[in-house]
Every structure is written in C-alpha cells, then in structure tokens.
Amino acid sequence: MNETLLCDAILDLIEPSLDGELAADEESRLRIHLAGCRSCAAEMALAVRIQRELRSLAPARQGVVVPFVRPARPESAFLIAAMLALTVGGTIFLAQIRARPAGTAQVTAEPQDVARATAEARYALAYIAKVSRHTSLDLRDGILRRRIPLTRTD
Amino acid sequence: MRCSIFSGAVLALLLAAPAAWAVQPADAGALPFLELDLFPRDKLSVEINLEGPILRMVSQFAQNDDPEFAKLMAGLKAIHVQVFPLKGKAGAEPLRGKIDRSVRWLEEHGWHSTVRVRDKGEETYIYLKEADGMMVGLAILSVQPGQEAALINIVGKLDPAQIGRVGRSLNIPQLQKAQPRPGGKP
C-alpha cells in the first residue's frame, strides 16, 4: 500500500483509539505503525493533547432554565395599562441595548471570570478541531496548536 | 363585546411584536439558540455563552501571552457552544426532526453550506454567514451517535484574509472557496 494511503488509514484510527473503540487487532496495527512513523506519532500526540485539554477545560456547566410563568389574566383596566407600560418600556430598553455600540459597554469582570472565559473560548476552538478530526476533515488549526499549552512529555 | 375583542387583539399585537423582535439575534452571524431549541438546556453537558465585552477582556488579557489568540478574540462578538450527550447509537433519533429543522433554518436565512458530511451515522454541518461582503458568522452542527451532539456558533466580522488564513491553517478547501468576492456582495 502507498505510504500516504497507509498513513491516511492510520490517521482515521487515531480518534477511535482515543475513544477506546478500536478492536484489538486494529489497535495493534495502529501502535506498530506509530512506532515507525514520526508524522503519525506526532498526530497521535496532538490528538491526545487536544483530548486532554478538552477534558480539563470542559466546564460542564448546565444551562439555567427559567420556568415560564403564565401571566394572570388581566381583570381590570389598570392591569392592562400596566402591561402596556411594561411592554413599551421594555421595547425602549431593548432598543437602547441593541443600539449601543459594541465598544462602549462598560463591563467589569474579576480575573477569575476572564480566566474562565478564556478557558471556555479555548474549549470552543478545541471542540471545533475535535469535531473536524472526528469526521476526518483534517480541521487542524495552527492557531489552536499554539494556543493550547504544550505538555512536556520528556 | 366587540370592543373587548378588538382591545385584546391590539394588546396581543403590542405584546407579541417586541417579544418576537427581542428574540431575533442582533447580529447577522448569530444563531437564535432559543428559537432553534435544538437541545433541552437542562440536559446539556456543556454550555458556553461568551459575548462581546468579556471576549474583549479575554483578548486584552491574552495579548502578551498569545497574540494570535488575542487577535482572533478581538474580532469576535460572541461564542456559543451547546453540547448534548447522546446515549446509545439511537440517541440522536429524537433529535432528527430538530436537526433537519435547524439545517433548514440556516439555509433559509442566508447561511451558506460549507461542509456537509454524513458518514456511518455521524453528521457534520459547517455553515458560514456573510453580510456586506464580510464573513460574520460560523455555525457548526455535529452529531456523533452514542457520544454527543453539539451546536457551535462563532459570531464576528471576519475579513476574507482572516478566513483564508484560518481556512488554510485548518486545511479545509471548502472554507477557502467560500470566501466572499472582494468589493461586493456575493
């Protein structure tokens, strides 16, 4: 088999291997190839690093579900007027938010908030790389490689 | 009686219009996650919602350590990620209708399909949104039966050079082909 084709076939085994989905003979074939192919071994190392980063960064934050409360049926003109006032006021408020230039927002955040946001942003980018890798799209991101801190193995 | 029906209709219109307007994303490249309602939010394994101000702070803090990352973040308005765990190979089946509806929504709202992969039950969709000759949004929908499904939305004005650079580094030929033509709308 052509060496490039062989490497392509091997690269397809990396992600299933990390997910523990390979049969023993395929795992053995992968390991034998990796032992003799520096390029594929580097791909394996990158995949391991991405998976490790994903696991360490995964915020596992569940969404907050706000229960929907059905408004009470208006019984009087006062209630209708109040709802109208809220509607108009809310619309004006939303319009002001949407019209505000992006750069003018005054936001204060604690360092840990920024660190968390950084980790989440990195997670998102790493996830994109993972999705593409899993689907054999070869979506390897040079930026991502630099962004994820290299883990020394020696 | 007729008067109260009329008043009720007017009231309903007054209430519904701003509410409908409010759920529309302000940015062309933003997906309306609430409207798409792809995954049940209380079952998500990961949910990330980063908006402009915090992204700018991330960019500022990363400038010294990682200038490339900082530059990328500076151009983004929002990052949204939802990851939903799928149990068993048939775990994605209940989502089938919503996935199709979401893909249809993307195509009906001017998103361009860049990558569509369906292989052994796995599905990956990558869509790009352009506005005024600029890339303003990236949407990735991924389904891996037995593992998880994810919806990722990156919002921001990405100039063609940046998309090309990222596209080349990502080695996705389709992404490079999707660059808007210079100096005008596609």
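Residue numbers run from 1 along each chain as its sequence is written, with chains lettered from A and ligands numbered from 1 in the order written. As the model is predicted, local features need pLDDT of at least 70 and side-chain atom pairs count only at pLDDT 80 or more, while totals for chains, interfaces and linings use all residues.

On the confidence side, the predictor gives the complex an ipTM of 0.71 and a pTM of 0.58. Chain B averages a pLDDT of 76, and 70% of its residues score at least 70; pLDDT is the predictor's confidence in each residue, from 0 to 100. Residues 166-186 of chain B stay under 50. Where pLDDT is low, the predicted coordinates should not be read in detail.

As for the fold, chain B has 7 helices and 6 strands, taken as DSSP runs (helices H or I, at least four residues; strands E, at least two) numbered from the N terminus. Their order along the sequence is α-α-β-α-α-β-α-β-β-β-β-α-α. Of the 186 residues in chain B, 35% are buried, meaning that 20 or more other C-beta atoms, placed from the backbone, lie within 10 Å of the residue's own.

Then there's the hairpin. Strands β3 (residues 111-119) and β4 (residues 122-131) of chain B run antiparallel, paired over 8 bridges; pairing takes at least two DSSP bridges between two strands. B:Arg118 sits opposite B:Glu123 in β4(B). Between β3(B) and β4(B) there are 2 residues, and in this hairpin B:Lys120 adopts a positive phi near 50°.

Conventions. Buried ≥ 20, exposed ≤ 12 C-beta atoms within 10 Å, placed from the backbone. Contact = placed C-beta atoms within 7 Å.
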